[in-house]
Amino acid sequence: MNPNPSTHAPADPHEIGKNVKTQVRVGITLVIFTLVAVAISYVPFHSQRAHILAVIGVAALNALIVAGISMHLKTEKKIIGQFLVFTIVFVIGLFALTALAFFDSTGLH
Amino acid sequence: MEIPYIVTPREDTGLWNAKIAIWLFIASEVMLFGGLFSAYVFLRIGADASHWPHGLLNVPVGTLNTAILITSSITAVLAWGALKMRQFSKYKFYMGLTILCGLTFLTIKLAYEYPQKFQHFGVFIKQESLGKYEPYLGNAYLAAKGLPPRIEITGHLHNKSALTDPNAKEYEVAVDAVNADPTNPEFDCPRFIQKPVTGKIVTIDKEDVEYASVFAPRHSSFFAIYFTITGLHALHVIGGLIVFLYFWLPCGANLYKKDPEHLANRVEVSCLYWHFVDLVWIFVFPVFYLL
């Protein structure tokens, strides 16, 4: 516990400047990837599955960049990763239930 | 009494209170949106191709909104950086820009995109009457090209009284370009720039109508899940803006005078939340606007 919080010194400007630069680069990359996703969505694919995979693939890449770099998940403390594992398992479970329900043919004749 | 670990991290976790709290909150939010996206997948894979509309949302406007939200994430980080370097006036400037971007996003969504949808009208034609409206549906042309049939005529409802008048026998619809010229190959797939509603009025007998609705949640599963997810996302944007406004107004200045690092930490966790809101939109945009 810090007995006198107001004594916190300003952060190293070089370090903060580097961090901010990275975030600006990430933002520009995200905008470019968004435009790429828009462009891909108008490319005629031979199958709808390939079309969906390509667009969602770019979106997933964008999401990974936001989570990993912007939200610092890549360098964040281990404990955060540990409880996020439960969240991811839960979400995967939800999607698995959706898939199981859709492909379930029990009782169908 | 002073609350411990609001600025300095705990020895065992290496995290200060707000940091661990925001990550727990984000974890619960991932589950909330995960549930909604799995509902989307379920509705989408279960829907008949004719019942899942394509190209009804304005892609250029959606792209612009995505860019605005990403820009707001950048300005939020710049605000945090300024605070860490104890440049309060710079912080105020960048935080002001973040709030402005957030408000622009909301204005486009709630005051432009949503009202446009509520003005648009869709009439689903009964299976047995599709032939009667062939000049506006072009199903023979679509079948020859191996494309799914059209069962809906869209546009702006001309005689609005038809919605409430039980004696009204027909809908008069100023149709969209796709229904005015259904065999035009440029409408075989969604267009980047939408064409405006034409002046061509089509009269549709109510007895030929399966059901009719404005582009509201009752129109289709697509609009039901679209309004649910984008509405919930808009609520998250509003929540984030309230927090940013709180730190931008004199409350932020007071906290800065008392302990600048405390304000910097609070802004940092708000930024984490804002990035998450950004992340959700990164999936919302392609899923609804592009696919």
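Trainee: Which helices each supply at least two residues of the lining of the second largest pocket?

Mentor: Helix H1 (13-41) of chain A does, together with helix H2 (59-84) and H9 of chain B. Helices here are DSSP runs (H or I, at least four residues; strands are E, at least two), numbered from the N terminus. Keep in mind that this is a predicted model, where local features need pLDDT of at least 70, side-chain atom pairs count only at pLDDT 80 or more, and totals for chains, interfaces and linings use all residues. Side-chain values use heavy atoms, with hydrogens and water left out, residues are numbered from 1 along each chain as its sequence is written, and chains are lettered from A and ligands numbered from 1 in the order in which they are written.

Trainee: What makes a space a pocket, and what makes it a cavity?

Mentor: On a 1 Å grid over the protein atoms alone, a cavity is a set of points where a 1.4 Å probe fits but cannot get out, while a pocket is an open set with protein on both sides within 12 Å along at least five of seven lines; lining residues have an atom within 4 Å of a point. The second largest pocket holds about 490 Å³ of space. Among the 22 residues lining this pocket, A:Asn19, A:His72, B:Lys19, B:Trp80 and B:Glu268 are the closest to its centre. A volume is the space filled by probe spheres set on the points, which are joined across faces, edges and corners.

Trainee: How many residues of each class are in the lining of the second largest pocket?

Mentor: There are 7 nonpolar, 6 polar and 9 charged residues. Asp, Glu, Lys and Arg count as charged, Ala, Val, Leu, Ile, Met, Phe, Trp, Tyr, Cys and Pro as nonpolar, and the others, Gly among them, as polar.

Trainee: Which residues line the largest cavity?

Mentor: They include A:Asn19, A:His72, B:Trp80 and B:Glu268. About 100 Å³ of space lies in the largest cavity, and H9(B) provides the largest share of its lining, 4 residues. The second largest cavity has a volume of about 60 Å³, and H1(A) gives the most to its lining, with 4 residues.

Trainee: Why is A:His72 called partly exposed?

Mentor: Buried means under 20% relative accessible area, exposed over 50%, and partly exposed in between (1.4 Å probe, protein chains only). A:His72 has a relative accessible area of 25%, so this residue is partly exposed. A:His72 lies in the loop between helix H2 (48-70) and helix H3 (78-103) of chain A, and its phi is near 60°, a positive value in a residue other than glycine.

Trainee: Why does B:Arg86 count as buried?

Mentor: B:Arg86 is at 18% relative accessibility, and therefore counts as buried. B:Arg86 is found in the loop between H2 and helix H3 (88-119) of chain B. Phi of B:Arg86 is near 60°, again positive in a residue other than glycine.

Trainee: What makes a set of residues a nonpolar core?

Mentor: The members are buried Ala, Val, Leu, Ile, Met, Phe, Trp, Tyr and Cys residues joined through side-chain atoms within 4.5 Å. The largest such core has 88 residues, and B:Val267 is one of those with the most contacts inside it. Helix H9 (residues 260-290) of chain B supplies the largest share of this core, 20 residues.

Trainee: Which residues does B:Val267 touch?

Mentor: Not counting residues up to four places away in sequence, B:Val267 touches B:Trp80, B:Leu83, B:Tyr91, B:Met95 and B:Phe247. A contact means heavy atoms within 4.5 Å.
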